[in-house]
Amino acid sequence: MRQPILVIIAIIPAAVWAPVQTRAQEQRDLASEVRDLEEHRFRAMTQADIPALDRLLSGDLVYTHASGWRQGKSEFLASLRSGELVYRSFASDYFQAKGYGDAILVSGGASAKVRSKGEELNVKLLYLEVYVKQEGRWQLAAWESTRVAPTPVGPR
């Protein structure tokens with residue numbers, strides 16, 4: 001009579017632990033996929049690779065620069081084509097990704113060297129972005145960034 005109870009006691013931890021391991025692995029996989037997406041997109045931005053960006057950006061894109069300049073996909077791509085916007089370098093310093101079904105919410109920090117409307121900028125950013133699953137692939141649907149506030153110097 002005691003053997004069935006021991007079997008049940010042995011099974012319970014495995015039944016509880018397996019979903020936790022699966023969720024943790026899913027989060028690691030998602031983070032890896034987002035890292036690859038971001039690296040690909042940032043590389044395409046610095047190379048003004050319009051065909052690559054066309055595939056990576058949702059048709060519904062809302063792209064809000066740290067300056068408050070807001071663009072849709074066609075305006076963003078046009079500003080890269082014309083040279084009005086030139087990304088000299090763009091790299092994520094860190095990020096966190098969380099999946100919500102067919103959407104991924106990403107928050108992070110980045111460093112960028114950009115020429116925007118003739119002005120050379122070297123900025124540290126905080127950003128929030130949303131990727132959505134469309135046409136069988138992840139596409140950027142929203143980007144919003146803000147400049148990191150300068151660190152105060154001296155006593156407060």
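Modeller: A definition to start: helices (H or I, at least four residues) and strands (E, at least two) are DSSP runs, numbered from the N terminus. This is a predicted model, in which local features need pLDDT of at least 70, side-chain atom pairs count only at pLDDT 80 or more, and totals for chains, interfaces and linings use all residues. Residues are numbered from 1 along each chain as its sequence is written, and side-chain values use heavy atoms, leaving out hydrogens and water.

Colleague: What is the order of the six strands in the open sheet?

Modeller: Two strands count as paired if DSSP finds at least two bridges between them. By that rule the sheet is open, its pairing is mixed, and the order is E2-E1-E6-E5-E4-E3.

Colleague: And which are the edge strands?

Modeller: Look for the ones that pair on one side only. Those are strand E2 (70–72) and strand E3 (85–100).

Colleague: How many bridges join E3 to E4?

Modeller: Strand E4 covers residues 103–116 and runs antiparallel to E3. Along this pair, lysine 98 stands opposite leucine 105, and glycine 99 stands opposite isoleucine 104. The number of bridges joining E3 to E4 is 14.

Colleague: Which residue takes a positive phi in the hairpin of E3 and E4?

Modeller: That hairpin has two residues between the strands. The one with a positive phi, near 70 degrees, is glycine 101.

Colleague: Which residue takes a positive phi in the hairpin of E4 and E5?

Modeller: E4 and E5 run antiparallel, with 14 bridges between them, and glycine 109 sits opposite leucine 126 in E5. Their hairpin, too, has two residues between the strands. With a phi near 55 degrees, the residue you want is lysine 117.

Colleague: What is the bridge partner of tyrosine 127 in E6?

Modeller: E5 and E6 run antiparallel and are joined by 10 bridges. They form a hairpin with two residues between them, and glutamate 135 in the turn has a positive phi of about 55 degrees. In E6, tyrosine 127 has as its bridge partner serine 145.

Colleague: Which residues is tyrosine 63 in contact with?

Modeller: Contact means heavy atoms within 4.5 Å, and here neighbours within four places in sequence are left aside. That leaves Arg41, Met45, Trp69, Arg70, Gln71, Phe76, Tyr87, Leu140 and Trp143.

Colleague: Now H3: within what arc do its buried residues fall?

Modeller: The buried residues of H3 are Lys73, Phe76, Leu77, Ser79 and Leu80. Seen down the helix axis they line one face of H3, because they fall within an arc of 160 degrees.

Colleague: Is serine 79 buried or exposed?

Modeller: Serine 79 lies in helix H3. Not counting residues up to four places away in sequence, serine 79 touches Trp69, Gln71, Glu84 and Leu85. At 2% relative accessibility, serine 79 counts as buried.

Colleague: Which residue follows H3?

Modeller: Look for a positive phi, near 90 degrees. The residue following H3 is glycine 83.

Colleague: Last one: what percentage of the 156 residues do buried residues make up?

Modeller: The surface first: the accessible area of the protein comes to about 9800 Å², of which 56% belongs to carbon and sulfur atoms, by the Shrake-Rupley method with a 1.4 Å probe. Of the 156 residues in the protein, the buried ones make up 33%.

Terms used. Buried < 20%, exposed > 50% of the residue type's maximum accessible area, 1.4 Å probe, protein only. Arc of directions from axis to C-beta.
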